[in-house]
Amino acid sequence: MRSDNFSKGVARAPHRSLLKALGFVNEEIGKPVIGIANSFNEIIPGHMHLRNLVQAVKDGIREAGGIPMEFNTIGICDGTAMNHIGMKYSLVTRQIVADSIEATAMATPFDGLVFIPNCDKIVPGMLMAAARLNLPSIFVSGGAMLAGTHKGKRVGLSDVFEAVGKVEAGLMSEAELAELEETACPTCGSCSGMYTANTMNCLTEALGMALPGNGTIPAVYSERLRLAKRAGLQIMDVLKADLRPRDILTREAFENAVAVDMVLGGSSNTALHLPAVAYEADVPLTLADFDTIAQTTPQLAKLSPSGSYFIEDLYAAGGISAVLHRLQEAKKLHEAAKTVALVTQGELAQVAKVLDEDVIHPWHEPVYPTGGIAVLTGNLAPDGSVVKAGAVDSEMLVHSGPARVFNSEEDACAAITGNQIKKGDVVVIRYAGPKGGPGMPEMLTPTSTITGMGLGKEVALITDGRFSGATRGASIGHISPEAAAGGRLHWLKKVTLSKLTFQIVNWPYS
């Protein structure tokens, strides 16, 4: 065991002395040591409750004969970082999370690891670390927030962002907005829709790195605590089996995850995060792979922000296991893919059931006949771009209009709220990529404001930056090469009077 490096032999007496300073007793020293990478903090609603989950994990580890050792990593809230300088730091934190865990686990000879993430960059950052370290590992996330209720309608965070646009357009009073902000985020947990955090938690399960239920059990359910305790027990079995992340994170596992992403209509940020995780696992995964799988995998679920269902509804409908069951029925699942449950994805899918076909449609009655994410190329994006196609209104699948070009999100937002954007316009935000941003900031404010102002079916937005998982509408991001690298957006005039035209070709109605 790796932990022998600080527990056995005369030369390790100083190490044992330090362990005893931590409260270890002789009866514990020599047992398998499991590191727990905790991302608890008091700045993210999805992470404020993680201490309770960690305690459940510790209980499970001790019950199974292991010794837990907890350490922390950072995390920021993309919601509170939105639309100010803080968002320039967001994507960078994915690397900080991965690097800090790698450093801690290389310096401390753990035998295995339990990862406790929940929100946007923390999940992929921890997956990257797991692939690098390749120690027996298991994930258990914090779970999703429950939806709120406002005037008899269920709502989430994206509704608050869009309500700002309604206020700007005179469609909602500030008093009603104040009521909405009181009710939209009623519990702890990752924000309640199929935004980036919940998409990545669902895909962690689809990859095989988490037990069934990880992606969808709500944060406030006691079942989430039981899942955490099971994860603590299960890591000891994973350790005994010597099952490692790179045994699980194969090409087939990533194809399963992308297929689940397409079925769910998940966040476009997965086109950034899954390839980054795959890179750490030495698995090639490109935008072309997303495009190929999108062509043959219909979207079967329509969740917030593009639909009226929330993560709690997906949980009640059978969760990710039920989605895998749908893929299995259509012979689109790599059934032999391994999982931390120590059975295959095919075995998990076989016993799963779809409990609500309004939430998870049958294969032959899809929400849309193609995947929820489309990869677009064209004269402005020769190397590709990404749109959450399942959240685009049919009226906007082909659009032509004058470009309104802005060199920053701030300038674009000022124009949008200043009523300078008109029906038919194409808002272009450039210099928002990894170099130009810098940091490729996520932009929910301009997209949600456009939608809230009632222009979602008439105004498009394109950028070399990226969008929040809570974005909907004709919002095309990741345009590559980016303007700061000499991409085509760089050459657009500040005010382009000639029309820009785009067409989402991976679409049945285009």
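These are my notebook entries on a predicted model.

**Ground rules.** I number residues from 1 along each chain as its sequence is written. The model is predicted, so I take local features only at pLDDT of at least 70 and side-chain atom pairs only at pLDDT 80 or more, while totals for chains, interfaces and linings use all residues, and side-chain values use heavy atoms, without hydrogens or water.

**Entry: the four-stranded sheet.** I looked up an open sheet of four strands and read its order as β2-β1-β3-β4, with parallel pairing. Helices (H or I, at least four residues) and strands (E, at least two) are DSSP runs, numbered from the N terminus. Two strands pair if DSSP finds at least two bridges between them. β2 (67-72) and β4 (137-139) stand at the edges with a single partner strand each, so one side of each lacks a neighbour in the sheet. The twist averages 20° from one strand to the next. For angles, axes are lines fitted to C-alpha atoms, for helices over the stretch in contact, and values run from 0 to 180 degrees between N-to-C directions.

**Entry: β1.** I followed β1 to its partners. β1 (residues 33-38) pairs with β3 (residues 112-116) in the parallel sense over five bridges. Alanine 37 has phenylalanine 115 as its bridge partner in β3. With β2, the parallel pairing runs over six bridges. There, isoleucine 34 stands opposite proline 68. I then checked burial, where buried means under 20% relative accessible area, exposed over 50%, and partly exposed in between (1.4 Å probe, protein chains only). Six of the six residues of β1 are buried. Val33, Gly35 and Ala37 are on one side, and Ile34, Ile36 and Asn38 are on the other. Helix α9 (residues 222-241) lies across β1, β3 and β4, at about 155° to β4.

**Entry: β10 and β11.** Strand β10 (residues 426-429) pairs with β11 in the parallel sense over four bridges. Isoleucine 429 has threonine 463 as its bridge partner in β11. In β11 (residues 460-463), Ala460 and Ile462 point one way, Leu461 and Thr463 point the other way, and all are buried.

Entry: I found histidine 478 in the loop between β12 (475-477) and β13 (495-503). It is buried, at 10% relative accessible area. Contact means heavy atoms within 4.5 Å. Leaving aside neighbours within four places in sequence, histidine 478 contacts several residues, including Ser268, Thr463, Asp464 and Met440. Methionine 440 lies in the loop between β10 and α18 (445-452). Its relative accessible area is 5%, so I call methionine 440 buried. Its phi is positive, about 50°, although it is not a glycine.

Entry: Most residues other than glycine have a negative phi, and most peptide bonds are trans. Leucine 342 has a positive phi near 65°. Leucine 342 is partly exposed at 39% relative accessibility. The peptide bond from serine 304 to proline 305 is cis, with omega near 20°. Serine 480 and proline 481 are also joined by a cis peptide bond, with omega about 0°. Proline 481 sits in the loop between β12 and β13.
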